[in-house]
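Biologist: I am new to this one. Could you walk me through it, feature by feature?

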Amino acid sequence: MKTQHLTFPKDFWWGSAWSAEQSEGRGETGKAETVWERWYKEQPYRFYQRISSETTTDHIHRYKEDVQLMKQTGHNSFRVSISWARMFPADGVGEVNPKAIAFYRDLFTEMTTNGIKVFANLYHFDMPAALQDKGGWESREVVDAYVHFADTCFKEFGDLVYHWFTFNEPLGPILGSYLEDFHYPNIIDFKRGAQAAHFTILAHAKAIAAHKKHQLDSKIGVILNLSPTFPRSQNPADVKAAEIADLFHVRSFLDPMVKGIYPEKLIALLREYDQLPADYTEEDLDCIKENTAQILGLNYYEPKRVKARLTAINPEGPFLPDWFFENHVMPGRRMNEYRGWEIYEKGIHDLCMDIKDNYGNIEAFISENGMGVANEERFMDEQGQVIDDYRIEYIQDHLAYLWKAIEDGCNIKGYHLWTFIDCWSWINAYKNRYGLVSLDLKTQKRTIKKSGEFYKKLSDENGFSY
Ligand code: BG6
């Protein structure tokens, strides 16, 4: 095959992402208990090797060193999340924490003075536990507390942040908390999940309205995990199954958060099964319509392949999207053997084309994409550097399709990898390592992986030969 140099548009955002709970550590600023800390106290055995979010990269103390590492690995932009629990240590409400403001202002200043644009996300799965006790996303009071937190962040950090995001993967906590049992408080109840989803979408819209009032230069949007969905076959039953899976997993948040309206077919289906949320008003729907994302982050890891259900469902059992489809592992597909996800690089192109064709070609970027690998120390050389050629190959294969999407007219502004330094990952803790930089959990020593060196060259050359 002929090698070609794939050059990306000028000022392309090269960077990576992580979140507060996964990287900061508690520090001494004061911080309310989060649902992750609460859950760990209640059920430590649910967490891989019983490691909690107390064991992190300790970024809160090491951020200056980390910003230098960002530079050394070619970052011109980086996504952090701002911890609601740190900003409002009295249970997520009340007085704002001056020490938290000082920390984030220092970090963002350090980043901008080193040429790294700040992408700030307001919520990455880290609800203050006391607000979860009040109903979490099922409560209008919690929506108001979130909007107050967001408004405070716009006021305190608006001069330093390049772009804002209301939520990372808002579908995740809904699936995990209400349908699939991987997120506190682990309730199986679709209708309550639909309520929480509606209020999350309302919170997104209200935060955008607040951002507009501050008249900042930055844009505000949302980061969604989207998997292009494919039927196992063209058999009408499989095709229908894929259509319904797509409604639940892709359009459910994408349509209201970007277009301002819920998908009609999804609403009709939920109405038919009596699963619409109990509390939604015309005023909510108007607010959602008027305040849509101005920029869209796309987290892409794997496609979704589905087939019609083969096994009967019990209509007496709890309502679940799984009533309508089953996941399908397509034989012969390339898998990430370490994480168990299918590797399908063309999916990144399919996803971008969907956004171009159906969402007004809104300004977008890949906000997460990456390769989790278990026991990565297997690939360390004698100097302690992880030689992760598999990750370099993964990045290149996806970027080649991203480049093609841009050639095909998609409005893509950048690529952020998951992640920067290996970080704590919820119930998986440190099982899967994703970073450009490895972390020694005992010494906190950071070492740039081979992929980190590759990433620097990629960013310097604004492209690569493929
Ligand atoms: C992303 C999340 O979807 O997946 C991250 O935004 C998470 O927060 C990442 O850490 C990797 O997850 P896992 O389960 O493979 O470690």
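Modeller: Gladly! Let us begin with strand E2, where both faces are covered: Trp-13, Gly-15 and Ala-17 are buried on one side, and Trp-14 and Ser-16 are buried on the other. Please keep in mind that this is a predicted model.

Biologist: Why do the residues fall into two groups like that?

Modeller: The general idea is that side chains in a regular strand alternate between the two faces of the sheet. In this case, five of the five residues of E2, residues 13–17, are buried, so the strand is largely enclosed by the rest of the structure. Buried here means under 20% relative accessible area.

Biologist: Which strands pair with E2, and in which sense?

Modeller: Strand E15 (residues 412–417) pairs with E2 in the parallel sense over four bridges, and Trp-14 has Tyr-415 of E15 as its bridge partner. Strand E3 (residues 77–81) also pairs with E2 in the parallel sense, over three bridges. There, Gly-15 stands opposite Ser-77.

Biologist: Now the helices. How do H14 and H15 pack?

Modeller: Look at the angle and the axes. Helix H14 (residues 389–407) packs against helix H15 (residues 450–461) at about 35 degrees, and their axes are 8 Å apart. The crossing is right-handed. From H14, the contact residues include Ile-392, Ile-395 and Leu-399; from H15, they include Phe-454, Tyr-455 and Leu-458. By class, this contact has six nonpolar, two polar and three charged residues.

Biologist: What should I look for in the backbone of the loops?

Modeller: Between helices H8 and H9, the loop holds Pro-185, which is joined to Tyr-184 by a cis peptide bond with omega of about 5 degrees. Asp-181 lies in that loop between H8 and H9 as well; it is not a glycine, yet has a positive phi of about 65 degrees. At 33% relative accessibility, Asp-181 counts as partly exposed.

Biologist: And what is found in the loop between E15 and E16?

Modeller: Thr-419 is in that loop, and the peptide bond from Trp-418 to Thr-419 is cis, with omega near 10 degrees.

How values were computed. Residues numbered from 1 in each chain as written. Predicted model: local features only at pLDDT ≥ 70, side-chain atom pairs only at ≥ 80, totals over all residues. Heavy atoms only, no water. Buried < 20%, exposed > 50% of the residue type's maximum accessible area, 1.4 Å probe, protein only. Helix = DSSP H or I, 4+ residues; strand = E, 2+ residues; numbered from the N terminus. Pairing = 2+ DSSP bridges. Axes fitted to C-alpha atoms, helices over the stretch in contact; angles between N-to-C directions. Left-handed = near helix turned anticlockwise from the far one by under 90°. Contact = heavy atoms within 4.5 Å. Nonpolar A, V, L, I, M, F, W, Y, C, P; charged D, E, K, R; others polar.
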